[in-house]
Amino acid sequence: MIKPLYNNVLLKKEKASKQTASGIIISSKDEDEEFAVVVALSDSEEVKVNDKVYKMPLKVGDKVMYKKYSGTEVKSDDEEYILIKAEDILGILN
C-alpha cells in the first residue's frame, strides 16, 4: 500500500453506475467520474490552502469529489489509485 506524504491523499476511484435500478442504461460512454474513496492519508494533521492552514477534514473511508484532471494515477498490487493534494478535494459526500 502507498503511504502519502505531506498534504497528499490516496484515493480509489469509484465505478459509476451505468444502469438505473429499473434497468435503464444511462450512458454507453466510458466517462471518468470525479468521485473516489479515501484509502490513505498522510500523517499531517493540517492542510495548507492559499497560505491558510486548516485542520485535515478527511478520514479513511470518506467518499469525496475532487477537481477534474488533478492528481497522479498510480497502480499498486493490481489496483488503480489517485495520489492527490488535499486541497484539490472539493467536498465530502454524505
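Q: I would like to start at the hairpin of S6 and S7. How many residues lie between the strands, and which residue takes a positive phi?

A: Happy to start there, and please keep in mind that this is a predicted model. The hairpin of S6 and S7 has two residues between the strands, and aspartate 77 takes a positive phi near 55°.

Q: Is serine 76 buried or exposed, and what does serine 76 touch?

A: Serine 76 is found in strand S6. Its relative accessibility is 17%, so it counts as buried, the cut-off being under 20%. Setting aside residues up to four places away in sequence, serine 76 touches Ile2 and Tyr81.

Q: Tyr81 has come up, so where is tyrosine 81 found?

A: Tyrosine 81 is found in strand S7, residues 79-85. With a relative accessible area of 9%, tyrosine 81 is buried. Beyond its neighbours within four places in sequence, it is in contact with several residues, including Met1, Leu10, Leu11, Lys12, Val39 and Thr72.

Q: Which residues could I use to find the pairings of S7 with S1 and of S2 with S5?

A: S1 and S7 pair in the antiparallel sense over four bridges. A handy landmark is asparagine 8, which stands opposite lysine 85 in S7. Strand S2 (residues 35-41) pairs with strand S5 (residues 63-66), again in the antiparallel sense, over three bridges. There, look for phenylalanine 35 opposite methionine 65 in S5.

Q: What pattern does the whole chain follow?

A: Read along the sequence, the pattern is β-β-β-β-β-β-β-β. The chain has zero helices and eight strands. Of the contacts between residues at least 6 apart in sequence, 63% join residues at least 24 apart. Buried residues make up 27% of the 94 residues. The accessible surface comes to about 7000 Å², and 49% of that belongs to carbon and sulfur atoms.

Q: How do I read the largest nonpolar core, and how many residues does it have?

A: In soluble globular proteins, nonpolar side chains tend to be buried together. In this model the largest nonpolar core has 14 residues, and those with the most contacts inside it are Val9, Leu11, Leu58, Tyr66, Ile84 and Ile89. Strand S1 (8-13), S2, S5 and S7 are the elements that give two or more residues to this core. S2 gives the most, with three residues. To see one member in its surroundings, pick isoleucine 89: not counting residues up to four places away in sequence, it touches Val9, Leu11, Leu58, Val64, Met65, Tyr66 and Ile84.

Q: How many salt bridges does the structure hold?

A: The structure holds five salt bridges. One of them joins aspartate 43 and lysine 3, whose closest N and O atoms are 3.1 Å apart. This pair links distant parts of the chain, with aspartate 43 in the loop between S2 and strand S3 (46-49) and lysine 3 in the segment before S1, 40 residues apart. Aspartate 43 is exposed at a relative accessible area of 65%, while lysine 3 counts as partly exposed at 47%.

Q: Which residue forms a salt bridge with lysine 12?

A: That is glutamate 79, with the closest N and O atoms 2.5 Å apart. Lysine 12 lies in strand S1 and glutamate 79 in strand S7, so the pair ties together parts that are 67 residues apart in sequence. Lysine 12 is partly exposed, with a relative accessible area of 31%, and glutamate 79 counts as partly exposed at 31%.

Terms used
Residues are numbered from 1 along each chain as its sequence is written. This is a predicted model: local features need pLDDT of at least 70, side-chain atom pairs count only at pLDDT 80 or more; totals for chains, interfaces and linings use all residues. Side-chain values use heavy atoms; hydrogens and water are left out. Buried means under 20% relative accessible area, exposed over 50%, partly exposed in between (1.4 Å probe, protein chains only). Contact means heavy atoms within 4.5 Å. Two strands pair if DSSP finds at least two bridges between them. A nonpolar core is a set of buried Ala, Val, Leu, Ile, Met, Phe, Trp, Tyr and Cys residues joined through side-chain atoms within 4.5 Å. Accessible areas come from the Shrake-Rupley method with a 1.4 Å probe; for residues, only the protein chains shown count as cover. A salt bridge is a side-chain nitrogen of Lys or Arg within 4 Å of a carboxyl oxygen of Asp or Glu.
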